[in-house]
Amino acid sequence: MSDFFGLFLSAMFVDNMPLTLFLGLCTFLALSRRPGTAVGLGIAVIAAMGFTVPLNQLIYTSVLAPGALAWAGFPDLDLSYLSLLSFIGVIAATVQLTEMVIDRFFPRIYAAFGVFLPLLTVHCAILAGSLFMVERNLTFTQSIAFGLGSGAGFAIAVITLSAIRVRLAYADLPSGLRGLGITFLLTGLMSLGFSAFAQMVAQ
Amino acid sequence: MAASPRLWTTLTEPLIRQNPITLQILGICSALAVTTALDTALTMAASLTVVLVLSAGIISMIRKMIPGTIRLIVQITIVASLVIVIDQILQAYFFDISRRLSVFVSLITTNCLVLGRTESFARNNPPLASMVDALGNGLGYSLILVVIGALREVLGRGKLFGFEVLPTVDQGGWFTPFNLMLLAPSAFFMLGGLVWAVRSALPEQAEPIEHTPPEVEEPSR
């Protein structure tokens with residue numbers, strides 16, 4: 001259990017997706033203007049990562065990993081080069097399916113979060129979650145912790161950034177720095193703060 | 001050829017004026033993660049440009065056959081197949097660099113730049129124009145990557161391409177490397193500064209003020 005929690009925390013703070021690994025930055029920067037949208041995006045990312053990372057782990061270990069098809073008579077088969085294609089397929093299909101289900105049964109939630117769902121297909125952090133899962137050889141339980149933790153890390157970062165940006169609405173910035181420029185500097189400062197968490201898991 | 005001046009602007013516009021990173025905010029993820037050294041930055045820039053040009057060409061060729069509702073999945077599948085090819089080539093011939101780039105080559109698939117250009121340009125234009133547009137955007141992206149990669153490597157290690165440029169203190173020189181340059185935050189600061197510089201040079205790129213401050217009269221005493 002402590003392993004589960006430790007992995008969750010380290011995925012959330014130490015390997016924070018946008019701030020230390022630079023993943024998912026496009027949506028991170030584009031949708032952090034208002035805290036409301038940021039909360040919606042954060043929830044959508046947590047749900048998507050918590051679901052697709054374990055699912056991809058199952059697919060990888062049972063079909064794609066070298067020697068996984070030994071029971072079917074192909075002990076030498078190594079399909080791992082197909083992992084990228086199948087992961088992105090799973091993610092795209094999950095997102096599309098969720099969108100349709102929510103639209104059909106929960107129209108009010110769809111009105112609030114629906115706009116973010118298609119964006120999740122091209123969200124680097126979600127695909128990277130599955131790729132890191134393969135690179136680090138996580139087990140099924142570990143992959144659940146890792147997926148949820150990374151999603152929560154993204155949510156924290158994007159909500160914090162949007163809160164700061166709202167405060168800056170009336171700030172008198174140089175015109176060249178307005179918008180994108182100041183957001184980068186803010187993200188840099190936040191990333192500097194998050195690098196302090198790197199000490200947390202070392203022991 | 002009458003169309004050539006238009007193609008030329010399609011190629012040169014994205015270099016500085018419509019730069020994908022500083023103006024369109026596309027493809028930033030990889031731009032920052034791979035720029036700790038110049039050689040990884042160059043490899044990444046080259047791979048992305050190749051994928052971008054080829055996918056724009058292919059998608060533009062079959063653009064009339066893709067049904068609108070599933071076009072995103074079709075496009076992603078095409079891009080992902082191209083990325084797998086590039087990844088295998090890198091692993092075969094440049095194993096060291098490919099290991100240092102780790103998952104970031106695979107992440108070209110979800111690079112917003114690739115899908116952004118195919119969605120907004122290749123879908124509505126003939127193959128030649130789309131490929132030229134893709135090449136221009138790829139070069140604009142590469143330009144930023146190379147600038148940031150070179151700056152970070154020189155300031156962080158005193159080297160360029162692994163060769164000594166500024167003699168460092170522990171080698172008996174005068175230059176103390178900034179270790180911060182190799183860490184994550186400096187990439188953000190660097191890109192923020194670059195955006196500031198570009199937008200100061202080209203003031204028409206500055207974003208409009210979102211909230212105009214209300215006119216408040218100074219309290220008179």
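A: Start with helix α6 (residues 112-122) of chain B: α6(B) packs on helix α7 (residues 127-157) of chain B at an angle of about 150°, and their axes are 10 Å apart. The axes here are lines fitted to C-alpha atoms over the stretch in contact, and the angles run from 0 to 180 degrees between N-to-C directions. Keep in mind that this is a predicted model, in which local features need pLDDT of at least 70 and side-chain atom pairs 80 or more, while totals for chains, interfaces and linings use all residues, and side-chain values use heavy atoms, without hydrogens or water. Residues are numbered from 1 along each chain's sequence as written, with chains lettered from A and ligands numbered from 1 in the order written.

The crossing of α6(B) and α7(B) is right-handed (near helix turned clockwise from the far one; left-handed would be anticlockwise by less than a right angle). From the α6(B) side, the touching residues are Leu113(B), Arg117(B), Phe121(B) and Ala122(B). Facing them on α7(B) you'll find Ala129(B), Ser130(B), Asp133(B), Asn137(B) and Tyr141(B). Contact means heavy atoms within 4.5 Å. By class, this contact comes to 5 nonpolar, 2 polar and 2 charged residues. Here Ala, Val, Leu, Ile, Met, Phe, Trp, Tyr, Cys and Pro count as nonpolar, Asp, Glu, Lys and Arg as charged, and the others, Gly among them, as polar.

Now, why does α6(B) count as largely enclosed by the rest of the structure? Because 8 of its 11 residues are buried, where buried means under 20% relative accessible area, exposed over 50% and partly exposed in between (1.4 Å probe, protein chains only). The buried ones are Cys112(B), Leu113(B), Val114(B), Leu115(B), Arg117(B), Thr118(B), Phe121(B) and Ala122(B). Check that against the α7(B) contact: Leu113(B), Arg117(B), Phe121(B) and Ala122(B) turn up there as well.

Zooming out, chain B has 8 helices and 2 strands (DSSP runs numbered from the N terminus: H or I of at least four residues, E of at least two). Reading along the sequence gives α-α-α-α-α-α-α-β-β-α. Of the 221 residues in chain B, 49% are buried. Among contacts with a separation of 6 or more in chain B, 72% join residues 24 or more positions apart.

Chain A makes a handy comparison. Its secondary structure comes to 10 helices and 0 strands, so the pattern is α-α-α-α-α-α-α-α-α-α, going by the DSSP runs. Its C-alpha trace spans about 70 × 50 × 35 Å along the principal axes. Chain A has 203 residues, 50% of them buried, and residues 24 or more positions apart make up 75% of its contacts with a separation of 6 or more.

The crossing of α4(A) and α8(A) is right-handed.

While you're on helix α4 of chain A, click on Ile43(A), which lies in that helix. Ile43(A) is partly exposed, at 42% relative accessible area. Its C-alpha is separated by 29 Å from that of Ser62(A), 19 residues away along the chain.

Next, follow the chain past α8 to Asn137(A), in the loop between α8 and α9 (140-167) of chain A. Most residues other than glycine have a negative phi. Asn137(A) has a positive phi, near 55°. At 63% relative accessibility, Asn137(A) counts as exposed.

One last stop is Met100(A), in helix α5 of chain A. This residue is exposed as well, with a relative accessible area of 52%.
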